[in-house]
Amino acid sequence: MATTHTGSCLCGKVRFKARGPLRGVAYCHCSQCRRQTGHYLAATNVNDADIDIEGSDALVWYAASRFARRGFCGSCGSVMFWKHNDLDEVSVMAGSFDMPTGLKAECHIFVADKGDYYEIDDGLPQFARSTPSIKVADD
C-alpha cells in the first residue's frame, strides 16, 4: 500500500495529496525564502506525477526568478510550494502537511545567506549553497 500525505493552507482553500515517500526536510536560508516567510523555509519534495492539488483557483504562482516560481494561497497567504521551471517535482512546505507527517530534518541549504539574528546548532549538515541532490534556482 502506497503512503499518502495530505495537507492544506491555513484557510483550507488549497489542499493537496502526495503519494509515496517524501525527501527529508531541507531548511533553506536564502534571502528569497527568508523574505517570503519571515524566517527560513522548511520543505520536502514530491514528483509532479505524485501530487494532486485542489483549489487551484485560490493558488497563486509568483515568478520569483527566471528559474523558479513560488505558490501560495491567494486567500490566506500561506506559502505552499516552490517549483523549479525545468524539473518535474515541486517543493512542498513541511508545515502545510497534516499530522502525523513522518518527516525528518535532513539539512540546511544556503547557510551563507542566512539571517544574522540566529544560529544553526542542530548538528544537521550545512551547505553554503545547496547539496548535489537538491536542485535550486541559479538566479
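Biologist: Which residues touch the most other members of the largest nonpolar core?

Modeller: V14, F16, I51, F81 and V92 do, in a core of 20 residues. At least two core residues come from each of strand 2 (15-19), strand 3 (25-28), strand 8 (79-84) and strand 9 (89-93); strands are DSSP E runs of at least two residues, numbered from the N terminus. Bear in mind that this is a predicted model, where local features need pLDDT of at least 70, side-chain atom pairs count only at pLDDT 80 or more, and totals for chains, interfaces and linings use all residues. Residues are numbered from 1 along each chain as its sequence is written, and side-chain values use heavy atoms, leaving out hydrogens and water.

Biologist: What makes a set of residues a nonpolar core?

Modeller: Its members are buried Ala, Val, Leu, Ile, Met, Phe, Trp, Tyr and Cys residues joined through side-chain atoms within 4.5 Å. In soluble globular proteins, nonpolar side chains tend to be buried together.

Biologist: Why is S65 called buried?

Modeller: Buried means under 20% relative accessible area, exposed over 50%, and partly exposed in between (1.4 Å probe, protein chains only). S65 has 16%, so S65 counts as buried. S65 sits in the loop between strand 6 (59-63) and strand 7 (68-73).

Biologist: Is L10 buried or exposed?

Modeller: L10 has a relative accessible area of 75%, so L10 is exposed. L10 lies in the loop between strand 1 (4-8) and strand 2. Leaving aside neighbours within four places in sequence, L10 is in contact (heavy atoms within 4.5 Å) with C76 and S78.

Biologist: And why is H5 called buried?

Modeller: H5, in strand 1, has a relative accessible area of 12%, so H5 falls under the cut-off for buried. A polar atom of the H5 side chain lies 3.5 Å from the backbone oxygen of T101. Leaving aside neighbours within four places in sequence, the contacts of H5 include F16, L22 and F97.

Key. Helix = DSSP H or I, 4+ residues; strand = E, 2+ residues; numbered from the N terminus. Polar contact = N/O pair within 3.5 Å; in protein donor to acceptor, adjacent residues only side chain to side chain.
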